[in-house]
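Please keep the structure in view while reading.

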Amino acid sequence: MESSTAGSTGMAEFNVRDYGATGNGSTNDTAAINRTINAASSAGGGTVRFPSGTYRSANSIHLKSNLTIQLDAGSTILGSPNDTYDPPEPNPYDDYQDYGHSHFRNGMITGDRLTNIAFVGSGTIDGGGNLITGNPKSGEADKIISLTRCENLTVNGIRLRRGGHFAMLTNACNNITSDGLRIETADDRDGWNVINAKHVRIVNAKIAADDDALAFKSDWALGKTYDNGDVRVSDSDLSAGCCNALMFGSETCGDFTDYRFERIRITGASKSGLGMVSMDGTTISDVHYRDITMSGTRSHIMQKIGTRRRCGDNPGVGSIHNITYTNVTGTYDGARGTAYSPTLWGEAGAANRIRNITFDNVDLTVPGGSPTMSTGVPVNDPNDYNPKAIGTRPAYGWYLRRVDGVRFVNSSVQFTANDGRPAVIANESANVVLDGIIAERGTDSPHDLGFQTVNGYCATGTNTSGGMLRIYTSSSSQNCAPAGNRAEAEQAVCQGSIDSDHGGFSGNGFCNTTNAVGASVEWTVNAPAAGTYTLALRNANGTTTNRPMSVAVNGTVVAPAQAFAPTGAWTNWQTVPVTATLQAGANTVRISATTAAGGPNIDYLERQP
Ligand code: GCU
Ligand code: CA
């Protein structure tokens, strides 16, 4: 009997059993599943329901628009060893990325140019160990869910197992929400590749992959560049075997901006825990990581600009700027091989340096155990995005090359076994500030912090025993913030960009906060004793509308909507006083925009008296 009933969602429900699916685990149910999808689609959309049972599917399932695939508890769509999936479609652009990224039809569940698709329920889609992780032969599938050019995709609750090259590949799909997705593909390859995507919300994901667990990429598979951004990922667990846990790239044709990653636990990656590479001309900007713990990550954090330029529009060399890491820990015991020191590696040319990066409360531990070595620049293959494409870093903690405007606040680096290298080396860079860094000292290391051709550095801090840091500089100039109680916004954690295009500011620039609710500037303000102080906030508001911000001290709001009135022009600056109680020693002062316009441009915070 073929029928539809009103499902719990209010949408018409189409039960695959009513269309001939057996769910007996051995019969090939694909034809019945596709019949159900077609019936739902002809009815204008609805819920395609899989009751408990195992639905072997030896051919590709073709999705349609306006469908919810509901996988009930105990239901599994199971892949098949027969080579009977749709063949890969020809792609004139397949030279620009590898085979798996270039072909979309050879999947278990595929769709192109669809709107309003959802996967819900607590059931499973399992490749069954039959999906291919390398280049498949015709008839073989190498992905579970493969979607291109779609709008409004929901993936809630379901589990994807043994996904071949990709458990899920979405390319040019926008408006994606996912809550409670589980991916178990640790013996296969990638978890979810989110390619060419805008407006993505992912919460409560648990992804265990071998290659990339959760990767944001922008390739040339669809023959053009796409802008990427407005992405939020939170409360998720990620792990990778060979490769990267939370990754930007390597395919990086279109630009990426406005990403926030919060409360993420990473439990392994033989390449990067938090990786970000601009290989193909992309600009990656305004990415904020907060409350991230990493363990078993061979390269805790890496950013690199490369010169591969593998897109169809003859791209130039890319850039990375305005990235913050707040409350991040990383530990690694060496079990996966020698660690790759945390690295920021820009390219030659002012625009291709890595710019305006802040590490606030970032504590990284590496295995250590390396002998003393040359502090010279290691070799680099600029066409290779992998951590190993850069030779052994001459610092165990941070190696910074060709960066401009990197600031560490309240951060530390330590090793497990004594290491003969400095903790931090910055090379061919500008404006590197280590504010209160704690750096473990190797007994044979030549120094703790090295500044090699750095135009403007400032370093304060101690080693882990509270002793002085040994700082070595060559061809470098010191530039510390003016003494006194003024803290420039360019030395704070600025959610936005450090700009200098409107004159009259003090220091090197001001924080142009992102125009969004919550855009913030955060300083560490020291007070000589507990008591009441005035915090003077210098700012400019060139609009005609108040730009209120909430002011919080040590996490407690002291002014929920402090006004920042118009100043008549972006070059006119005013000082707004806020009264606050500070504790003795360090205090965190955070001002956050309360309206979608964001805050005014913020020049500095000055503690008075
Ligand atoms: C302009 C101005 C910026 C300012 C922005 C805003 O773009 O140049 O400095 O931050 O407006 O409205 O926030
Ligand atoms: Ca702004």
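A polar contact is a pair of N or O atoms within 3.5 Å. By that cut-off, the 2.8 Å separating a polar side-chain atom of Arg547 from an oxygen atom of ligand 1 qualifies as a polar contact. The model discussed here is predicted.

**Ligand surroundings**

- Six residues are listed around ligand 1, namely His502, Asn512, Asn515, Arg547, Trp570 and Asn601.
- Sorted by class, this shell contains one nonpolar, four polar and one charged residues.
- His502 places a polar side-chain atom 2.7 Å from an oxygen atom of ligand 1.
- For Asn601, a polar side-chain atom likewise lies 2.7 Å from an oxygen atom of ligand 1.
- On its own, ligand 1 has 310 Å² of accessible area, of which the protein covers 72%.

**Cis peptide bonds**

- Most peptide bonds are trans.
- Gly249 and Ser250 are joined by a cis peptide bond, with omega at about 15°.
- Ser250 belongs to strand S23, which spans residues 246–252.
- A cis peptide bond also runs from Gln608 to Pro609, where omega is near -5°.
- Pro609 is located in the segment after strand S48 (601–608).

**Positive phi angles**

- Most residues other than glycine have a negative phi.
- Asn66, although not a glycine, has a positive phi of about 60°.
- The loop that holds Asn66 lies between strand S6 (61–62) and strand S7 (67–71).
- Arg309 is not a glycine either, and its phi is positive at about 55°.
- Arg309 sits in the loop between strand S27 (297–305) and strand S28 (319–331).
- With a relative accessibility of 41%, Arg309 is therefore classed as partly exposed.

Notes
Residues are numbered from 1 along each chain as its sequence is written. Chains are lettered from A and ligands numbered from 1 in the order in which they are written. This is a predicted model: local features need pLDDT of at least 70, side-chain atom pairs count only at pLDDT 80 or more; totals for chains, interfaces and linings use all residues. Side-chain values use heavy atoms; hydrogens and water are left out. A residue is near a molecule or strand if one of its heavy atoms lies within 4 Å of it. A polar contact is a pair of N or O atoms within 3.5 Å; within protein, one must be able to donate a hydrogen and the other to accept it, and residues adjacent in sequence count only if both atoms are side-chain atoms. Accessible areas come from the Shrake-Rupley method with a 1.4 Å probe; for residues, only the protein chains shown count as cover. Ala, Val, Leu, Ile, Met, Phe, Trp, Tyr, Cys and Pro count as nonpolar, Asp, Glu, Lys and Arg as charged, and the others, Gly among them, as polar. Helices (H or I, at least four residues) and strands (E, at least two) are DSSP runs, numbered from the N terminus. Buried means under 20% relative accessible area, exposed over 50%, partly exposed in between (1.4 Å probe, protein chains only).
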